[in-house]
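The exercises below are meant to be worked through with the sequence and the 3D structure open side by side. Please try each task before reading its solution.

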Amino acid sequence: MNIEQRARRYGLLTFAGLWMAACAFGQSSSTPGQSVAGADNVFADLRKEWASNLRDKNVGACVAEYAPDAEFVQPDGASVRGSAAIGKLYETITATFDSNLVFDSKQLESAGDDAIDSGSYREVLTARATGKRQLYTGGYRTVYHRDKDGHWLIVKMAWIGSGDPIALDLDPHPVVALTFDDLPAAGTLPAGKTRAEIAEMLTGELMANHMAGTYGFVNAKKLEGNPDAEKALHIWVDAGMNIGSHTWSHPGLTSEQVFKPLPVEEYIADVARNEPALAEYGQLRDWKWFRYPFLEEGDTVEKRRAVRKYLFEHGYRIAQVTLDFEDYAWNDAYARCAATKDTVAIDWLRQSYLETATEYIRLGREEQLIAFGHEIPNVMLLHATAFTTLMLPDLLQLLRGQGFSFEGLAQVENDSAYSLDPDAGLKYGGTLPDQFMDSRHLPYPPVKPKPLQQLAHLCQ
Ligand SMILES: [Zn+2]
């Protein structure tokens, strides 16, 4: 079982457009009532609808969310009132920008037919004229009144910006090292295939793209009683690829996971247990690179430090990740659809795989701009599954189309950013930029969610 079901914190896909500069929406002047149980869902839906109407530039539906004499206070303090003026504002905004906004509601107060929803927002505005993207953050406060028909209408919406936006200008010449986890047996094997065949195909594609020395991270437990897996790993190393450690049995290190994490001592023993196989297959190669399963480095700083101490004392370097779109999540669906030869479903899998890769590559790069102020050379996490093997030519084309060039893991991790350590216990596993974002509570740009539900049900 190598499905890495990380609890991700990415929000829903919502778009909207808004508003620069700063504004104050003033201290809460009305008397707050108590929170009303069950009301949260109503207002969550209203927020979602608000954002999707703006994303879709459905100005009529946007204006209909407001009471006829509603007030809209922009971040610069300027205020407009009434349906006509609000409609005009929406027309201007939607003509100028595409925008993608997520509300993070912090408080909902409700009394009778009145309610106040407040919290923070994250928004990426893309200027339609130039394509330039900027991340805005700040607070919002929405005052609702329920009309005689039972509809909650906005009577006042106020925004407060929190300083200058962050420009999300991507480097035209990014660099990436591809890496593959869960060798020598990643994901469900499609019927009629062998691990050795997949290893042949994967290494063949890597060699054809001059990527000898690519790192694959091994769980030696998968070799036990599996001659096909042994053969696959021989094919990998004989083709000139590198191997590193992914622990012996792929345990987690962070609580609140689908898989119960191991205590630190057992986790370290699991790392040690992986070494004989690495030494055997890796021989004189530099196999002292470690990839944390689930990218979990520990939910307490004590755990994190204890495992790092062991790794460093034993000569390992940590194979951090900057780009991850959970490529493994497509493989089980592919195995099912391949069994029934459902070519329509497989076409959808191919398309959604590449769309999700595009979205999360961009996210990973934008996180670096937010966390570090600049992009760093990348490490992409992939898995040596049948489906990622099948998709690799398309993925390489996608990366090349975005200006990426390819380097080895060791070269990439020579960048000084890779010696930085957030040194914090983190609730979720994540990429290196994720870890900095989470430890510093930095705002993630809104991102389209992965189609995990569809993947779970496809070809069932
Ligand atoms: Zn893994």
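Two strands count as paired if DSSP finds at least two bridges between them, and the strands themselves (E, at least two residues), like the helices (H or I, at least four residues), are DSSP runs numbered from the N terminus. The model is a predicted one, in which local features need pLDDT of at least 70 and side-chain atom pairs count only at pLDDT 80 or more, whereas totals for chains, interfaces and linings use all residues. Residues are numbered from 1 along each chain as its sequence is written.

**Exercise 1. Describe the pairing of strand β1 (residues 66-73) with β2 and with β6.**

Step 1: Begin with strand β2 (residues 79-81), which runs antiparallel to β1 and is joined to it by 3 bridges. Within this pair, Phe-72 has Val-80 of β2 as its bridge partner.

Step 2: Turn to strand β6 (residues 152-161), which pairs with β1 in the parallel sense over 4 bridges, and in which Ala-158 stands opposite Val-73.

**Exercise 2. Which strands pair with β8 in the parallel sense, and over how many bridges?**

Step 1: Strand β14 (residues 378-383) pairs with β8 in the parallel sense over 6 bridges, and here Asp-181 stands opposite His-383.

Step 2: Strand β9 (residues 215-218) is parallel to β8 over 3 bridges, with Gly-216 as the bridge partner of Phe-180. Together with helix α4 (residues 195-208), β8 and β9 make a right-handed β-α-β unit, a term that applies if, with the strands pointing away from the viewer, the path from the first strand over the helix to the second runs clockwise.

Step 3: Strand β15 (residues 405-406) is also parallel to β8, over 2 bridges, and its residue Ser-405 is the bridge partner of Val-175.

Step 4: In β8 (residues 175-183), 8 of the 9 residues are buried, so the strand is largely enclosed by the rest of the structure.

**Exercise 3. Is His-383 buried or exposed, and which residues is it in contact with?**

Step 1: His-383 is placed in strand β14, and because 26 other C-beta atoms lie within 10 Å, it is buried.

Step 2: Contact requires that the C-beta atoms of two residues, placed from the backbone, lie within 7 Å. Leaving aside neighbours within four places in sequence, the contacts of His-383 include Phe-180, Asp-181 and Asp-182, as well as Asp-327, Tyr-328 and Thr-388.

Step 3: For a distance along and across the chain, take Ala-185, which is 198 residues from His-383 in sequence, while 9.5 Å separate their C-alpha atoms.

**Exercise 4. What does the side of domain 1 that touches domain 2 consist of?**

Step 1: The domain assignment, which is automatic or taken from a database, gives domain 1 (39-167) and domain 2 (175-457). Their centres, taken over C-alpha atoms, are separated by 39 Å.

Step 2: In the contact between them, 8 residues of domain 1 meet 6 residues of domain 2. On the domain 1 side, β3 (97-111), β4 (114-127) and β5 (133-146) each supply at least two residues, and β3 gives the largest share, 3 residues.

Step 3: Sorted by class, that side of domain 1 has 5 nonpolar, 2 polar and 1 charged residues, where Ala, Val, Leu, Ile, Met, Phe, Trp, Tyr, Cys and Pro count as nonpolar, Asp, Glu, Lys and Arg as charged, and the others, Gly among them, as polar.

Key: A residue is buried if 20 or more other C-beta atoms lie within 10 Å of its own, exposed if 12 or fewer, and partly exposed in between; C-beta atoms are placed from the backbone.
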